[in-house]
Amino acid sequence: MYKKALSLLLLGNLIVFMGFFCVKKVGETKLAFQPVRQLKLELEELEAKATEREEASLEETAGNAYMGLGVADSAVSGQRVVDYHMMEKEPGYCLSDEDMEALLRIVEAEAGCEDEEGKLLVANVVLNRVNHKSFPDTVTEVILQKENGVTQFSPVANGRYYRVEVSEETISAVGRALTGEDISEGALYFAARKYADSDKMKWFDENLTFLFSHGGHEFFK
């Protein structure tokens, strides 16, 4: 009887000890994996923040892409001119579709055979006139202006202005001008002496200040 009671007591102590041992091991296992779980949570948090930054960056890039220069899809005549997106910089000028097409056409008509800087200079002169008190206030009015019944730009008079097809280089040059790039030194006039009427060139020489030559044009103010 005594031996049986002692055996039951030992068995009970063993069960308690084993239970304690198992509980302790479970606790140690949880503690061992806790740093791993914490690291995983931190990585997930960092990945979520990175995803948010990437989405915000993509939205900003998409927004900037539409802040650039645009041209009407069709010309006044109904002829398709050009589609394009360009320039991440904010334009220095905000032109109507009519003025935009007019500027592209006059640059192409006057400087189609010039390099891109030559085209930029023609665009600069037109915009300089828009900003000058002695000339009309819009691009279209400047280009179509007549003085004593005579047009200011020969391509308007001979009709070339209405027939040209605008090139990519002209688009680029006009884009540069509209973002504020000006290499004209304030020029308000230009002429191709080789093709100009001698009396007109004489008036240029006697009444204006010669600035410089570029390509086939001379520039004055």
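Let's start at the N-terminal end of helix H3. Asp-115 caps that end. One of its side-chain oxygens sits 3.2 Å from the backbone nitrogen of Glu-117. That kind of pairing is a polar contact: two N or O atoms within 3.5 Å, where, within protein, one must be able to donate a hydrogen and the other to accept it, and residues adjacent in sequence count only if both atoms are side-chain atoms.

A word on the source. This is a predicted model, where local features need pLDDT of at least 70, side-chain atom pairs count only at pLDDT 80 or more, and totals for chains, interfaces and linings use all residues. Residues are numbered from 1 along each chain as its sequence is written, and side-chain values use heavy atoms, with hydrogens and water left out.

Now the overview. The protein has eight helices and five strands. These are DSSP runs, numbered from the N terminus: helices are H or I with at least four residues, strands are E with at least two. The order along the sequence is α-α-α-α-β-β-α-α-α-β-α-β-β. Of the 221 residues, 33% count as buried. Buried means under 20% relative accessible area, exposed means over 50%, and partly exposed is in between, with a 1.4 Å probe and protein chains only.

Back to H3. How far apart are its end C-alpha atoms? They are 21 Å apart. The helix covers residues 116-130, and at 1.5 Å a residue its 15 residues should span 21 Å, so the two values agree. The expected span is 1.5 Å times one less than the number of residues. H3 is also mostly covered: 14 of its 15 residues are buried.

Take Asn-128, in H3. Is Asn-128 buried or exposed? It counts as buried, because its relative accessibility is 14%. Skip residues up to four places away in sequence, and Asn-128 touches Asp-182, Ser-184, Gly-186, Ala-187 and Leu-188. Contact here means heavy atoms within 4.5 Å.

Next, H3 against H7. Their axes are 8 Å apart, at an angle of about 45 degrees. That makes H3 oblique to H7. The contact includes Leu-120, Ala-123 and Leu-127 of H3, and Ala-173, Ala-177 and Leu-178 of H7. Axes are lines fitted to C-alpha atoms, for helices over the stretch in contact, and angles run from 0 to 180 degrees between N-to-C directions. Under 35 degrees is roughly parallel, over 145 roughly antiparallel, 65 to 115 roughly perpendicular, and the rest oblique.

Helix H2, residues 97-111, packs on H7, residues 168-178, at about 120 degrees, with axes 10 Å apart. H2 and H7 are therefore oblique too. Met-100, Leu-103, Leu-104, Val-107 and Glu-108 in H2 meet Thr-170, Ile-171, Val-174 and Leu-178 in H7.

So what covers the buried residues of H7? The cover includes H2 and H3. Among those buried residues are Thr-170, Ala-173 and Leu-178. Just after H7, Gly-180 takes a positive phi of about 105 degrees.

Last stop: Val-142, in helix H4, residues 139-144. Val-142 is buried, with a relative accessible area of 0%. Beyond its neighbours within four places in sequence, Val-142 contacts Val-126, Arg-129, Val-130, Phe-135, Pro-136 and Phe-153. Val-130 is 12 residues away in sequence, yet 6.7 Å away in space, C-alpha to C-alpha.

One figure for the whole protein. Of the contacts with a separation of 6 or more, 65% join residues 24 or more positions apart.
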